[in-house]
Amino acid sequence: MPSDHVELKPGLETTRAQLAGAFGDAEAQERASQPGIVPMRKPYKKLFVFSDPHKSKENGYNFDGWTEGDEQGPVFDYTGTGPNGHQVLSGLNGTLLNHQEQGLELHLFISDGHVKPGGAKKQRYVGQMVVDATHPYVERWDYDPKGELRRVYVFRLRPVDTGLTDMRPGDAVQPATKTVVLPIPPREKTPPAEPGAKSKKTEKHSTGQTIAKVSVGERIVNRREGLLFTAFEEHLEKAGHKFSSFQITVAGETTRLTPDLYDETDHVLYEGKGLTTRANVRMAIGQLADYRRHLEKADTLRVAVLLPSEPTPDVKALLEAEGVGLVFQTDGGFAGFPLP
């Protein structure tokens, strides 16, 4: 039992100083520069994560909170640490990403007012969490306090037991007040060093090892899509093309749309799929239509689907009928590139 007898029950209101005293880690003492990810390695093997909506806005992002979730259950989005410049998947962010491998129980707190005016912030205990197995995090882009566009990592946390989790409507991610399109640069060539980390610009996910069950088929498709885009980006570079992407925040919604790739040289937007099936192609057509209407020069913007192999004649006819270009991988490169 911790020395100050702090029992972690959902809804508990405490302070970081009280937690530090109870769990015996001087690094957890509350101070202005304290990061939001605090390991309590000895002897309790815990990792405390503190979400502070007000502090998040000061640091140039507003991604934290409960999302709509999915068929596996609710998800809490938590932005990693690092207030200036690009965030990295090392240090405390790496500890969060790999908390299970390091034997650390993950516990989430949300800043909820002050003990007294001008006093310490109250921390409300939400519950024990785990980083999502299938999609451990997503990349987001925003401006830091200095006005510089930078990458942040938003970790996807799932409750270990929803019955022992303090979930409140007020803690949900807030819808955007306006639609904003941010240009984002190409992905980095050097992959992150942290185990399980991914280097991506868009929706090419890696799969970490956690308690959730992950489909082997989904892992294979994700990997195929990642390899497809790696090869295509190299193909674009050899052709002298510049490429990037966008992050689209939509008014009234909490999600961000991120197209797979924008060929700046040819003014073409690509959506790629790891499998060449009718269902995947139909999905890509819908995604491209959704992205396109939010972008500048949409009337001249061309759209195309990128596939790992040649589709059937009828799927080709579908793409032609919808005015969507087709590029697919071959043994010698990519057929259909550049678009006519």
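Which residue of S6 does Val-49 stand opposite? Val-49 stands opposite Leu-108 in S6, and I shall begin with the strands around that pair.

First, a word on the basis of this talk. This is a predicted model, in which local features need pLDDT of at least 70 and side-chain atom pairs count only at pLDDT 80 or more, while totals for chains, interfaces and linings use all residues. Residues are numbered from 1 along each chain as its sequence is written, and side-chain values use heavy atoms, with hydrogens and water left out.

Helices (H or I, at least four residues) and strands (E, at least two) are DSSP runs, numbered from the N terminus. Two strands pair if DSSP finds at least two bridges between them. Strand S3, residues 46–51, is joined by 6 bridges to strand S6, residues 105–114, and the two run parallel. With strand S2, residues 37–40, S3 runs antiparallel, through 4 bridges; here Val-38 stands opposite Phe-48. S2 and S3 form a hairpin with 5 residues between them, and Lys-45 in the turn has a positive phi of about 55°.

Is S3 enclosed or open? Of its 6 residues, 6 are buried, so S3 is largely enclosed by the rest of the structure. Buried means under 20% relative accessible area, exposed over 50%, and partly exposed in between, with a 1.4 Å probe and protein chains only. Lys-46, Phe-48 and Phe-50 point one way from the strand, and Leu-47, Val-49 and Ser-51 the other way.

I turn now to the helices. The axes of H5 (residues 278–292) and H6 (residues 313–321) come within 11 Å and cross at roughly 5°. Axes are lines fitted to C-alpha atoms, for helices over the stretch in contact, and angles run from 0 to 180 degrees between N-to-C directions. H5 and H6 are therefore roughly parallel to each other, a term for angles under 35 degrees. Arg-278, Val-281, Arg-282 and Ile-285 of H5 meet Asp-314, Val-315, Leu-318 and Leu-319 of H6 in this contact, where contact means heavy atoms within 4.5 Å.

Finally, the cores. A nonpolar core is a set of buried Ala, Val, Leu, Ile, Met, Phe, Trp, Tyr and Cys residues joined through side-chain atoms within 4.5 Å. The largest has 21 residues, of which Ile-248, Leu-269, Val-305, Leu-319 and Val-324 touch the most other members. H5 gives the largest share of this core, 5 residues. Apart from it lies another core, of 20 residues, with Val-49 among them.

Terms used: Angles under 35 degrees count as roughly parallel, over 145 as roughly antiparallel, 65 to 115 as roughly perpendicular and the rest as oblique.
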